[in-house]
Amino acid sequence: MRTILFDFDGTVADTLPLIFTAFRSTFQQYLHRHYTDEEILAMFGPTETDILQAMIPPEQLEQALDHFFRVYAEGHRHVHNPAEIALMLDRLREAGFVMGIVTGKGRRSADISLQAWGLDRYFDVVITGDDVSRPKPDPEGILSAMKQLGARAEQTLYVGDSDADVLAGRAASLVTVGVDWLPVTQKAGCFQPEPDYLFTDPGSFTDWVLGNEKAGTR
């Protein structure tokens, strides 16, 4: 394996709490209703803009979007991405792996997080929900990333924290890796269907990848 494609939120970025806060604040401000983390999570699939477009009255949408992204961006000033994630990405990059992101989040929020936490330097391609017509579990985003990288299925992994990640990876004929190594993830390790492999810390995943690479196995 020489290419690793990652989901973003809950996989390489501890952003789910920031997303929940930004949505909750926006819904409280414009819909005057409190939404739980579970209710917000159930909306995932479309981009943040598409979710808000479906929920907020049209005459308030622009203000609501500005509010959401302002709260989301401000959250990064008070939260740091776990150092273990950076160490994992450093080790994989040093070993010569090509890495990319395939996420359902929109380009605007992806750029906020990638730049705020210095993650953009690790990835050769970033496919967001704005770049596809069919979100995960459809494999469109994964296949697009592979095409841009010139990656072959037999040499590529897809890593994520949700059922949609596993389904999309399988649909693209990739080995799938489920992760439950951040405080807040979408599935908390309870995948359906189960991924090919499951890891609960970035170090073990990195050791496994590097060990397979050294052994010349997929």
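This is a predicted model: local features need pLDDT of at least 70, side-chain atom pairs count only at pLDDT 80 or more; totals for chains, interfaces and linings use all residues.
Biologist: Is His32 buried or exposed?

Modeller: His32 sits in the loop between helix 1 (16-31) and helix 2 (37-41), and its phi is positive, near 60 degrees. Its relative accessible area is 65%. Exposed means over 50%, so His32 is exposed.

Biologist: How many residues apart are Lys105 and Asp9, whose side chains meet in a salt bridge?

Modeller: The N to O distance of this salt bridge is 2.9 Å, and both Lys105 and Asp9 are buried. Lys105 belongs to the loop between strand 2 (98-102) and helix 6 (107-116), while Asp9 belongs to the loop between strand 1 (3-6) and helix 1. The pair thus links distant parts of the chain, and the separation is 96 residues.

Biologist: What is the relative accessible area of Glu140?

Modeller: Glu140 forms a salt bridge with Arg134 at 3.8 Å, N to O. Arg134 is partly exposed, with a relative accessible area of 45%. Buried means under 20%, and Glu140 is buried because its relative accessible area is 19%.

Definitions and conventions
Residues are numbered from 1 along each chain as its sequence is written. Side-chain values use heavy atoms; hydrogens and water are left out. Helices (H or I, at least four residues) and strands (E, at least two) are DSSP runs, numbered from the N terminus. Buried means under 20% relative accessible area, exposed over 50%, partly exposed in between (1.4 Å probe, protein chains only). A salt bridge is a side-chain nitrogen of Lys or Arg within 4 Å of a carboxyl oxygen of Asp or Glu.
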